[in-house]
Amino acid sequence: MLIVSAFGMFGTGIATAAGYLAVPSAVGLPYGLPGLRLVPLGETGWAFTLTENLAALVLAGVVAWVTVHRRGGAVRAFFAGWGAFALGAGAAGLLRAVAVSQTVEAGPGAYAGLVLGALAAGLIWGVILGWAAGIATLASVGAETAPVRA
């Protein structure tokens, strides 16, 4: 949740400081990770804001589900969190691409290109930033084995 909240607040600033990160957006792919926002950003509108929020919740939900249902030790927990973040970012990218495709009334070829490109972009962002979720998942190691005191 911290990462998607940060992208909601600072995502535009990151693209301004490192412009090359916005290159995939030039071909219509969603920028970065979805961000949680309370109000629309600029002239994007409520449909876009709600889609971004839903995609951010999908990302956080995938990571939370894997964190709760994972098994194994510390190394496995780290890679489970990292992989779940990448998978969740890919799923969020798919959701965002479908919304963009519907908005621009894309044909079948453009629709397929947007969906595959957004999936790839989401997976790449997930792999790049997934280590943070992996470290956070490490915090849950040992919690299930700790004795419960009455």
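This is a short walk through a predicted model, one selection at a time.

**Stop 1: the whole chain**

Start with everything shown as a cartoon. You will find five helices and zero strands, which read along the sequence as α-α-α-α-α. Now colour by accessibility: of the 150 residues in the chain, 34% count as buried. If your viewer can draw contacts, keep those with a separation of 6 or more; residues 24 or more positions apart account for 71% of them.

**Stop 2: helices H3 and H4**

Next, select 46-69 for helix H3 and 74-103 for helix H4. Two packed helices are described by the angle between their axes and the distance between the axes. Here the angle is about 155° and the axes lie 8 Å apart. Angles over 145 degrees count as roughly antiparallel, and H3 and H4 are therefore roughly antiparallel to each other. The crossing of H3 with H4 is right-handed.

Show side chains where the two helices meet. On the H3 side, pick out Thr51, Glu52, Leu54, Ala55, Val58, Leu59, Val62, Val63 and Val66. Among their partners on H4 are Ala84, Phe85, Gly88, Ala92, Leu95 and Arg96. Sorted by class, this contact has 16 nonpolar, two polar and two charged residues.

**Stop 3: Arg96**

Stay on H4, where Arg96 has its place. Is Arg96 buried or exposed? Its relative accessibility is 6%, and buried means under 20%, so Arg96 counts as buried. Select what surrounds Arg96, leaving out residues up to four places away in sequence: Arg96 touches Pro30, Tyr31, Gly32, Leu33, Pro34, Thr51, Glu52 and Ala55.

**Stop 4: Ala55**

Hop across to Ala55, one of the residues that Arg96 touches.

**Stop 5**

In soluble globular proteins, nonpolar side chains tend to be buried together. To see the largest nonpolar core of this model, select its twelve residues: Tyr31, Leu33, Ala55, Leu59, Val63, Val66, Ala84, Phe85, Ala89, Ala92, Trp125 and Ala133.

Key:
Residues numbered from 1 in each chain as written. Predicted model: local features only at pLDDT ≥ 70, side-chain atom pairs only at ≥ 80, totals over all residues. Heavy atoms only, no water. Core = buried A, V, L, I, M, F, W, Y, C linked by side-chain atoms within 4.5 Å. Buried < 20%, exposed > 50% of the residue type's maximum accessible area, 1.4 Å probe, protein only. Helix = DSSP H or I, 4+ residues; strand = E, 2+ residues; numbered from the N terminus. Contact = heavy atoms within 4.5 Å. Axes fitted to C-alpha atoms, helices over the stretch in contact; angles between N-to-C directions. Parallel < 35°, antiparallel > 145°, perpendicular 65-115°, else oblique. Left-handed = near helix turned anticlockwise from the far one by under 90°. Nonpolar A, V, L, I, M, F, W, Y, C, P; charged D, E, K, R; others polar.
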